[in-house]
Amino acid sequence: DQACIAVLYNTVFFTFITAHPKSIKVWDAETGSLEAVFRDLTTREITCICMDNRERKVFVGDSKGRVFSINIKNGARMKKFKRHQNDTSCLYYWEHNNRLISCSWDGSVHVHDDSTSDQKGLLRSEFRQHKAPCNYLSFNKQQTLLASCADDKVIILTNLTSYRQEAILSKHDAEVKVTIFLPDYP
């Protein structure tokens, strides 16, 4: 079997969800037994996953830039979103507005609307601020700030209420692979 690229814990169904390049597996959290394997979800390799706030959908990104959601109980495809031009590198679900945020090695960040039951998600906004592959997304819910980081040695902060760029942090000596907002200090 191929290496695991991501692990999520589902508190609703008490399962672990593991993503592999060619499949998604669901494991019972108590017994460790394999409950389901979803294969052939995409023709390319799976690159990233995340869950919605109700933990019933899993969003999947692949190496062709596609982004789609599946039902975690049966693996059925639910919705597809506007694709990127290169590998989808990170997904984040913002539950307050039912927004799925994706970034890609093409340097773009997409904000998708997941609030409708349509089979095609609506693209709310697209940012092309990075000049190199965008690697990771981090979100501060209190300030509605999105941080995206990339191989161009830059972190860009975007306000997702106004969709306005707030800051560019560009004094890094190397590619930025991950960025995380720290919790507020008491």
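How much space lies in the largest pocket? About 500 Å³. The legends below take this pocket and several other views in turn.

This is a predicted model, in which local features need pLDDT of at least 70 and side-chain atom pairs count only at pLDDT 80 or more, while totals for chains, interfaces and linings use all residues. Residues are numbered from 1 along each chain as its sequence is written, and side-chain values use heavy atoms, with hydrogens and water left out.

**View 1. The whole chain has 0 helices and 16 strands.** Helices (H or I, at least four residues) and strands (E, at least two) are DSSP runs, numbered from the N terminus. The C-alpha trace spans about 45 × 40 × 35 Å along its principal axes. For 186 residues, a compact globule would have a radius of gyration near 16 Å, and the chain agrees, with 16 Å. That radius is taken over C-alpha atoms, and the globule rule is 2.2 Å times the number of residues to the power 0.38. Buried residues make up 49% of the chain. Buried means under 20% relative accessible area, exposed means over 50%, and partly exposed lies in between (1.4 Å probe, protein chains only).

**View 2. The surface of the chain comes to about 10,000 Å² of accessible area.** Carbon and sulfur atoms hold 49% of this surface. Areas come from the Shrake-Rupley method with a 1.4 Å probe; for residues, only the protein chains shown count as cover.

**View 3. The largest pocket is lined by 26 residues.** L91, Y92, Y136, L137 and F139 are the closest to its centre. Elements that give two or more residues to the lining are β1 (6-10), β5 (46-51), β9 (88-94) and β13 (134-140). β13 gives the most, with 5 residues. The lining divides into 17 nonpolar, 5 polar and 4 charged residues. Here Ala, Val, Leu, Ile, Met, Phe, Trp, Tyr, Cys and Pro count as nonpolar, Asp, Glu, Lys and Arg as charged, and the others, Gly among them, as polar. A pocket is an open set of points on a 1 Å grid over the protein atoms alone, where a 1.4 Å probe fits, with protein on both sides within 12 Å along at least five of seven lines; lining residues have an atom within 4 Å of a point. Its volume is the space filled by probe spheres set on the points, which are joined across faces, edges and corners.

**View 4. Q2 sits in the segment before β1.** Q2 counts as partly exposed because its relative accessibility is 38%. Leaving aside neighbours within four places in sequence, Q2 is in contact (heavy atoms within 4.5 Å) with H20, P21 and K22. The C-alpha atoms of Q2 and N53 are separated by 28 Å.

**View 5. G65 lies in the loop between β6 (57-62) and β7 (67-71).** Its relative accessible area is 0%, so G65 is buried. Beyond neighbours within four places in sequence, G65 is in contact with R83, H84, N86, D87 and T88. S89 is 24 residues from G65 along the chain, yet their C-alpha atoms are separated by 8.5 Å.

**View 6. D40 and N98 each have a positive phi.** Most residues other than glycine have a negative phi. Phi of D40 is near 55 degrees. D40 is in the loop between β4 (34-39) and β5, and counts as exposed at 72% relative accessibility. Phi of N98 is near 50 degrees. N98 is in the loop between β9 and β10 (99-104), and is partly exposed at 25%.
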